[in-house]
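Please keep the structure in view while reading.

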Amino acid sequence: MYYESALWLSLLIPFVLGFACNILPSARTALGAMCCCVFGTAIAGCIAIVAVFQHGTIFIASNWLFLDGLSAYHYGILLVVFCLSSVYAWAYFGEELRKGHFTRKQARLFAGLWCEACAAMTLVLFSNNLGIMWVGIEATTLITAFLICIHVSRQSMEAMWKYIVICSVGMAFAFMGTLLIAVSAKALELGPHDSLLWTVLYDNAGRLDPKLIKAAFIFLLVGYGTKAGLAPMHNWLPDAHMQAPSPVSAIFSGFLLSTAMYCIMRYMPVIEGATGSIGWCQRLMTGFGLFSIAVAAVFIVSQKNLKRFLAYSSIEHIGIISLGLGLGGLGVFAALFHTLNHSLCKTLSFFAAGRMGQILGTYDIRDMKGALRRSPVWGTGLFLSILALIGAAPFSLFMSEFLILKAAIDKQAFVIAFVFLLGLGIVFICALGYILPLSWGGPPLKKAAPAHLFQYESFLVYIPLTALLILGLWMPAPLQAVLQKAAEIIGGAAAYAPAIGLMP
Amino acid sequence: MQTEAYMNLFLGLAFAPLLGGIINRIKAAFAGRTGQPLLQQYYDMYKNIRKGAVYSRTTSWLFRAGPIVGLASVLIALALVPVNGSTAPLAFTGDLILFAYALGLMRFFTVLAALDTGSSFEGMGASREVFFSALAEPALLLGLATVARRAGTLSLSELLAATSVTSPELVLVLAALGIVFLCENARIPFDDPNTHLELTMIHEVMVLDHSGPDFAFIQYGAALKVWVLGSVIVGLILPVAGGKFLLLNSAALLGCMFMLAVIVGIIESTMARLRLLRVPQLLVAAGALSLFAFILSMR
Amino acid sequence: MLLLLLALGIIVISGCGALTVCTRPRLSSCIGAGGTVLGCAVGMIPALEVLLQGTIQSLRCAWSMPCGSFFIELDPLSAFFLLPVFLLSALAAVYGGQYLMKYKDTKRLGVAWFFYTLLVASMAMVCLARNAVLFLIAWEIMALASFFLVAFENEKAEVRRASWIYMVATHLGTACLLPMFLIFGAHAGSLDFDRFAHSLPQPLASICFILALIGFGTKAGIIPFHVWLPEAHPAAPSHVSALMSGIMIKTGIYGIVRMLAFLGMPALWWGWLVLAIGIISGVLGVLFALAQHDLKGLLAYHSVENIGIIMMGLGVGLIGWSAGVPSVAILGMAGGLLHVVNHAMFKGLLFLGAGSVFQAAHTREIDHLGGLIKKMPYTGACFLIGAVAISGLPPLNGFLSEFLIYLGSLRGAISMGADVAVPLIGAVAGLALIGGLAAACFTKAFGIVFLGEPRSQAAANAHESRPLMVAPMLLLAAGCLVAGFLGMYIVPAMSEVVSGILGFDAGHELKIAGGYLGSVTIASIALLLVVACLTLLRRFLLSGKEVGSGATWDCGYAAPSSRMQYSASSFAQPITDLFKIVLRTEKHLQLSEQYFPAAGAFKTHTQDAGFEKIYRPLFEGAKCLFARCAVLQHGSMHLYVLYIVITLLGLLVWLVR
Amino acid sequence: MGSVLETTMMLLILSDMALLGLSRLRTCIAVASFQGMLLGVFTLLAHEQALTPRIFLIAAVSFILKGFVFPQLLRRSIREASAQNEMDPYVGYSMSVMAGMAMFGAALWLGEQLPLTLAAGMHLVIPAALTTVLTGLFLIIARKNALSQCLGFIILENGIYAIGIVSVVEISVLVEIGILLDAAVAVVVMGVAIFHINRQFDHLDTDQLDSLKG
């Protein structure tokens, strides 16, 4: 079938071209090849995604790889993030090449790793076999590690080392969890081939050993949570985001975290099924979500570096997603919606932060002044994207957070709602305090050479912004159907039955 | 009926300046002087009317508007207060609010006219005037509200008709209104009308620059203000003799007004002027009195 | 209804048009202002229609948004708030078109106009929306648009600070509204307003009432949530301050009233609470206004005061409602709502006047102004009318609403038992005090700014502003004057509005009140007649006599100078001293130490007590506390791994315990 | 046969204690490689009833990787970094051994709690494996030298591997190999990182890598 080949292609193109990038003659060609690779993948991927929503789940590699509603939705986000980021990387490193901060070797390395990272994340999304899923995540860790220190410096090395060690430990736990899942699957008397198949476990969740599966989920939650940046396993995240070049930070926040969250989402229905859907793992998710929001709120107050601040905001939003998943029902729907919004918005903010950093020559919030005057385009991007991030209507993050709050209130969980609102409020106050001088402030202290903007850069700003604006004011029916489908996979068919839709 | 309604208006217009004369006579008597003739205020106004006027170069049309608006609004207030037992020409439910605010309008424009001259003395007087009246206003309205609660009506006319000194809270109200009366009319102990040191004056200093007909209007307005507030107090004291004994009522009112003047005269000649710092305390006390009266009236 | 949507469409589209041509200031101003005026004119029609006929137009169509439906409705209450929205927006737009010309070289006016139109449209939408999602989105757009307008001169640090405070305040307010609406929704089963009515059981109803009071009250600027007003209003361009102070803060009142209608029969303590808030806001607002030196800051604090008066009206209404005294309830509500419109008119007028003064004299410092009435006669006259109106003096419109509130509270006070009469008599006393202080404050504002001699060169060189700026002020002044005489027609016309809130017919009661106002009108007319007669009389008396002019009597002092005039601060000093316990005015006195007098200096400065005493310590404390937590993330990777392990083991223990 | 397993597990635990107690890196690495080989053998022992080619393959791969490749990589890094000893750790060596004992106790308790159904004579496996896991974590947390942290990671992997081997038979070989390879790559990556760190900082003291905070 044509769409199975599309699936294969979207997995193989980045994998193969990734190696190809390493032998290209010049930096420009390497970056160009990277962009082409990503866009090629996007075409194949879109075909596959459309196919999924037309003909249902696609299985390949004898059911080891598949694409269902949930993964297709995430894959769509991945494609968007990667396409935008690749174009941005072209602009960003183009600027650095002009300044001569970026050698051919680095460019090759970057392009190669970039494609491989794309391939690895794709693998995670496609894998029906939980073992493969783990392999994919571990692979992303190892690949992106070097993306952090494309520019070798003490700080970047430090960030990278912390990233590797912490995430590897996390991955080890995740592996432990996967093993325990396999152990608990013994009851099903499965052959080696499909012992870890998600679909199989999903269908026979009821027959898994509850106690074991709970232990397994704890390991998985801590493990993948480390990668996703849930507090208190988040500590690698600010350092990595701060030190990585902006395109890398963009995909880190834009999708790497969501990938890890995706893995957790995959496990939730199985656990719920095994524990008799008493909302056991939902409680865990809620707890971690609230804690992450609180931690982010506390640490955001005293930030000095723009990218670090954005990283903490990522922690906050991952917490929000986890909270939504924990609330179940409408919350799951909202959490998935929030994943999309956050990816778009955070990608844009990192784009803008990176370019403003290049233009102003610093990432220190106290020194970045007058962004809107120095570069209207990116200044607007930075200002509005951060406004959207902190939940100002009419951007779509406001809507998804509103829905999550609704889920909490409908469950009479007033305390949760209060903590949630409190955290968001603190973040709002601080973030607004940061960006006002940043966008409007007086003449910048450090005079940076005025960066020459490429024409297409304005598109990088306005496409995501428009998307966020439109989604905030109007949710297309197809998207709603997709979200519904994905939410049903996680939260069961009961996901958000009431109160949504066009008209009563 | 008409005559009855307008009776107080006539009386006030006719006899208001006389009160000032009486007060001065009493003070003179206490001081052992002969004192000015009773009709002195009439003479002064007549003299001023015949004179021309001098306007400061600083002033604008507001300076000219001040006296006129002031006199007009005090006339409106007068038209709200009936001779006891009858109904005032402009009476309606809730007219006591209009009554208070008409006096407020008068003050507003007098103060603006004072500020218009740009003289620091008149500014000082204006400042004190607004300060004291802001404190006096609650006392006045609370007192009237207390009486209204007794009478169960919100119209001055019915209210004055319905009450007479029968209960302790009414005594308290009378005390409060008396204080307000002295303060609003800038009498001792709040203000000394015939001091000659600008720094210590309140009402008189505000009108330093007025002359001619304007000054006459101001004097007349001041006299009427005494009459208006006075007739309210008197109306509260006086027992009602029914609508048909109009002349009796009017005579009683007149007599009581003169008595009031005498009392004021005695106060002025026996008391000293308060230090400005003490004035607010006295006014707050007045407010407290009327509030206390109201609480009593809720028994 | 379609007409209304058309109006909003025109407004928004004109804004976008202005944005597209933002490189050409004049053109974008014309488009923006013209579009706004046109749209407002169109929108006025259905509003008036509904208000006069008491019909209800509603429109409900599909909106692909979770929990959302595009459900708008125009009932008398909405129309009652829409009317001032459109009126003042149009006039302020005309004024702003001229006012902004000063910035045409330094600013992108198109952007300003875009946000202005957005603000107008969203305010109208807030009054129309009947679905919580729609309402909240409109509410947030309103906040955002006004935020950008406040930050118009964003190169100034204090403007940025002001806009920050404003945005934070309004956002925290919204944070209270979200759960309130959601609680409603959870019980009504839908977020459409038509399901909300009387849907909540008691404890929740009180919670929602408190949430609404905080959330909407923050926007309305009740004390202690008022801190943003004195910051934002002076920072914004004058026509925007007029709009914000005149209308936008009223959307908060609208929200509260709307919620009251949904909550149904109130508990008695609600009325006590609202009334107390009203009195406190009113008194403190006017006191802080007295202590201000900045003309627009003074007006901003007067917004707090007037919101207080409105809240007093609502409180009286609530008390009457819960005590079962219809007349009190009706009079209180009607007075409060009428004051909304009146305040919109005279506060808009005053802010526009302040703007003209600022552009003429380039300063908002009251003590640097003076004698402007000779330089700018029209502005002066308009400002005077506004000042008289805001002091609630007859014969202007301010008196009508205060009269209704007085009447309502006195009614209750003289007839009811202690639990009702005590708060109501408190309302009477409070209103009286507020009235006196407001009169003091505006004799100061008008007297020092417009009368006497100019206190600075800038004030001496002032000149009357352009016709396009004067015309709106004249219209508003005329409005204040005329409305003052039409009480007996206006008040009965509100019967539908009030009945809509209270749920029982208010027509009869309001007709009677209209009758009283009729006699007020007679008195006012009489007043005008007497004034006219006296004027003629004086002319007659002065005819043929010499009318001289000389210097002001200065007690023989040889060299008077305009600096010797009584200043605003000295004018207010007795009052501010009496209330220094709340005002906490800081005085800085510098005197030369020599034996012979030399130059000295005296400065007074009044911070906002709420900000200084409540919010700053709170925020600082939180900041310090959180900064301490940074030690948890001290860069040592070993610690980080330890966290992870502890988490894991902790969870495992929690699992197997 | 169980006794043999018992002894292997004993050896495993003892090697953990040794890792905790020894200070010279080379010795630690030697112990680690011994542990790797031990696990290779253990793979066969665990499944002696059903020895399939798959088991042999896995055993061989793990034997080679854990026994020779990883240690070799570490030794190379030592040579490059010329870092012989662990500089003073947070927790002293004798204390570490005490901690190791405590961890063993915890492992015993935890092994009781986890309902892993095992063949006869393997009751010591889970505690031993968990001890190894905890030892690895302890090395990462309590040692300052980047190399010992890398070592800790390997030990951690060893422990999890042991658990996997005894508890899970049904995982397909591809996955297992993939997992092993991933671990290998992880070690390689860490080695490279260590190399870079050494070049940047001229030392491997991760305690001094604390410039990023807050």
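The crossing of α5(D) and α6(D) is left-handed, a crossing being called left-handed if the near helix is turned anticlockwise from the far one by less than a right angle, and right-handed if clockwise. The model is predicted: local features need pLDDT of at least 70 and side-chain atom pairs count only at pLDDT 80 or more, while totals for chains, interfaces and linings use all residues. Residues are numbered from 1 along each chain as its sequence is written, and chains are lettered from A and ligands numbered from 1 in the order in which they are written.

**Helix pair in chain D**

- The axes of α5 (residues 125-142) and α6 (residues 146-167) of chain D come within 7 Å and cross at roughly 160 degrees; axes are lines fitted to C-alpha atoms, for helices over the stretch in contact, and angles run from 0 to 180 degrees between N-to-C directions.
- α5(D) and α6(D) are therefore roughly antiparallel to each other, a label for angles over 145 degrees.
- The contact of α5(D) with α6(D) comprises 16 nonpolar, eight polar and no charged residues.
- Ala, Val, Leu, Ile, Met, Phe, Trp, Tyr, Cys and Pro count as nonpolar, Asp, Glu, Lys and Arg as charged, and the others, Gly among them, as polar.

**Contact between chains B and C**

- Chain B contributes 65 residues and chain C 63 residues, where contact requires C-beta atoms, placed from the backbone, to lie within 7 Å.
- On the side of chain B that touches chain C, α5(B) gives the most, with 18 residues; helices (H or I, at least four residues) and strands (E, at least two) are DSSP runs, numbered from the N terminus.
- That side of chain B has 41 nonpolar, 17 polar and seven charged residues.

**Strand pairing across the chains**

- β1(B) and β3 (residues 547-550) of chain C run parallel and are joined by four bridges; strands pair if DSSP finds at least two bridges between them.
- Ser549(C) in β3(C) stands opposite Tyr55(B).

Technical notes:
Two residues are in contact if their C-beta atoms, placed from the backbone, lie within 7 Å. Angles under 35 degrees count as roughly parallel, over 145 as roughly antiparallel, 65 to 115 as roughly perpendicular and the rest as oblique.
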